[in-house]
Every structure is written in structure tokens, then in C-alpha cells.
Amino acid sequence: MIIHAQELRKTFTTRNRKGATTVEAVRGVDLDVERGQIFGVLGPNGAGKTTTIRILATLIAPDAGTAVVAGHDLREEPAAVRARLGYVSQAGGVEDTTTARAQVVMAARIHGVPDPKGAAADVLARFDLSEVADRPGRTLSGGQKRRVSIALGLVHGPPLLFLDEPTTGLDPQNRANLWDRIRELRDAGTSVLLSTHYLDEADALCDRLVIVDHGRVVAEGTPGELKREVSGDVVTLRLDETARAAETLKPYARETRVDGDALRVYVDDGEHTLPVLLRALEEQGIGLSSIALDRSTLDDVFLAKTGRSLRDAGAAA
Ligand SMILES: Nc1ncnc2c1ncn2[C@@H]1O[C@H](COP(=O)(O)OP(=O)(O)OP(=O)(O)O)[C@@H](O)[C@H]1O
């Protein structure tokens, strides 16, 4: 386990002329992250994702709760935790006037890396930045800047990397490229904890995730588990004898529903149930004209757990 956190809490109080406002940003978060995984924290804006990551990265102290991060206690050995992690904020921290290479070399020096120039050249090459490394930060594209910010967080070779909303604002091509880079990191042994408010990103990229809302974890699992837990898959069939087909398939389904000329069959695991359904229909000699398999999405999970859609919750914040 690279992160084991229990009951983390953080309340912010801001004072202005009208008095004090209190926001309970994190309200009792538990997290267990296995080594070598991409672990996602998915939630709408304001859910407490950044605050949770900043606590785990030792950047702010929690009001309550405990965590062991990369083998060290967060409160008792914050310096040991810090030495073992890389942190890439939403803003990224790439400077405009200095070259990308100089910035990465500087980060390597700060971390006490033995060969700062060599380490910087390696990480810049891994992120396809060698060609642009000697240009000042302001001349880089959005995707290049984002990769430099990750290089800054990785140059000391930490076993754990925190990425706060790494693909926000990137175009689809740069996003897909960054997903591949993050997968390569995981495959090379780095554990990655990332926050996101994109459903497709959590689904495509994360090995496991938690869904957070209003500072609490509302669901936890692999993307597949979470989707199956809520509504499973739905198989939509068009066939000759809808009523007889519904009777035939009932034993294999959670529920069957005749919907116009289609039969909708709700199952836990569509991929494996589909062949079984087809065999049952064939045995009964029921002719089939079309079939479709659709999966529930992580938005269905969020909806089931909170009563709101993640898209609406994000837009409202
Ligand atoms: N330093 C702070 N002072 C006061 N309130 C804060 C502070 N940091 C965060 N908050 C509040 O805590 C809540 C959670 O914020 P946080 O940034 O952790 O959410 P988030 O899920 O990362 O959202 P986003 O996707 O917008 O970054 C928000 O209501 C935010 O306004």
C-alpha cells in the first residue's frame, strides 16, 4: 500500500468584513492506494480533491485523521514523505522566462539528485521535450507546458506522483498523449494518484478510483466494479417474438423490459452474459434481427450515490 489514509478532515475559515465563513473541504476521507496503480479521485469542482491531494503531499496539515504515505507517517515524518513524492499542481509551476531545461535542472538540484543535468535530460527526453527544452517556458504550447510541469515533479525519480487535474484545458490529442505517458509511468513502477472531474478520464485511465462529493468518498472501486454495482449493463434485442424471448431470458437477467419493439435485458456483466442469452434464444428457435450492449457510466454511479448528475454538479459549482 503506497497510501493508507483514514478519516482526513480539513475545514477552511476565511474572514472578511462581514465575518467568518467556514468551508468543510474534506469531511472524513479514507483512501487506500496500492503500489503500481493509477488511482483516481473523481468529483465535481469544489468536492475537495485538491485539498485531499495537498494534505497527502504534506502541503497543508489536516485538522484530523492519519495517513501513511510511501511508508512514512504524514504527521511524524513529513520530510521523509516529501522526499518520496512528486507533486504537480493544477497551475503547473512552469516559469515563463527560464528555459524548460534550466527549470528541470534546478528542480533536480533542489532534490539533491546526484547528476542534475543528466537526470533533467533523461526526464525531458521521456516526455518528448528534448527539442523544445532550450526555449523559455512562455514559448511552449499548452501540452508541452503540461509535460514540463510533470517533468519537474518527476526528475528526482519519486515512487509516488500526485497529479492535480493533469489534463484540464488540453485538446483531445494532447490529452490522449498524456494518458499514454501516465500509463507508461505506471508500467515502469511509479504509483500515480490523480484528481479529475472528467468521467471518461477516470474510466479510461484509472485502475481504481474514489468518487468524492462535498468532501466525502461516496464510492470506491475499479471503474468496471463501480459501474456494475449501480446498474450493470443493458442488452437491447430486436426479435420476432418479444414476449416469448422475455420469458426465455428471465432466468439470466436482473430484469427484462419490453420497450416498444425492443426487449431490454438488464444484466450484471454483459460481456459474459451475452453469449448465454444468444444460446438460450437459439435453443428456443427465436429469430434475432439486432442486438446492442450498453454499459452504465460513472455518471450513473454518481447519480445513484448523490441524487445528482456529475455533469450538473460540476456545472453548478
Ligand atoms: N485555502 C482555502 N481557503 C478557503 N477555502 C478553501 C481553500 N482551499 C479550498 N477551499 C474550499 O474548499 C472546498 C474544496 O476545494 P478543493 O479545491 O479541494 O476542491 P476540488 O475538488 O479540488 O475543486 P476543483 O476541481 O475546482 O479544483 C471549496 O469549497 C473551496 O472553495
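Let's start inside the sheet of this predicted model: Phe162 has Leu193 of β8 as its bridge partner. Around that pair, strand β7 (residues 160–164) and strand β8 (residues 191–196) run in the parallel sense, joined over five bridges. From here we can look at the sheet, a helix pair and the ligand shell.

**The sheet**
- Six strands form an open sheet in the order β6-β7-β8-β3-β9-β10, and the pairing is mixed.
- The edges are held by β6 (85–88) and β10 (216–221); each has a single partner strand, so one side of each has no neighbour in the sheet.
- On average, neighbouring strands are turned by 15 degrees against each other, direction ignored.
- Helix α6 (residues 172–187) packs on this sheet and touches β3 (38–42), β7 and β8. The direction of α6 makes about 150 degrees with that of β8.

**The α3/α5 pair**
- Helix α3 (residues 100–110) packs with helix α5 (residues 142–154) at an angle of about 20 degrees, and their axes are 8 Å apart.
- An angle under 35 degrees counts as roughly parallel, and α3 and α5 are therefore roughly parallel to each other.
- Their crossing is right-handed.
- On the α3 side, the contact is made by Ala100, Gln103, Val104 and Ala107, and on the α5 side by Val148, Ala151 and Leu152.
- By class, these contact residues are six nonpolar, one polar and no charged.

**Around the ligand**
- The ligand has 13 residues around it, and Phe12, Ala25, Lys49, Thr50 and Thr51 come nearest.
- At least two shell residues come from each of β1 (3–16), β2 (19–33) and α1 (49–56), with α1 giving the largest share, three residues.
- The shell divides into four nonpolar, eight polar and one charged residues.

Terms used. Residues numbered from 1 in each chain as written. Predicted model: local features only at pLDDT ≥ 70, side-chain atom pairs only at ≥ 80, totals over all residues. Axes fitted to C-alpha atoms, helices over the stretch in contact; angles between N-to-C directions. Helix = DSSP H or I, 4+ residues; strand = E, 2+ residues; numbered from the N terminus. Parallel < 35°, antiparallel > 145°, perpendicular 65-115°, else oblique. Left-handed = near helix turned anticlockwise from the far one by under 90°. Contact = placed C-beta atoms within 7 Å. Nonpolar A, V, L, I, M, F, W, Y, C, P; charged D, E, K, R; others polar. Near = placed C-beta within 6 Å. Pairing = 2+ DSSP bridges.
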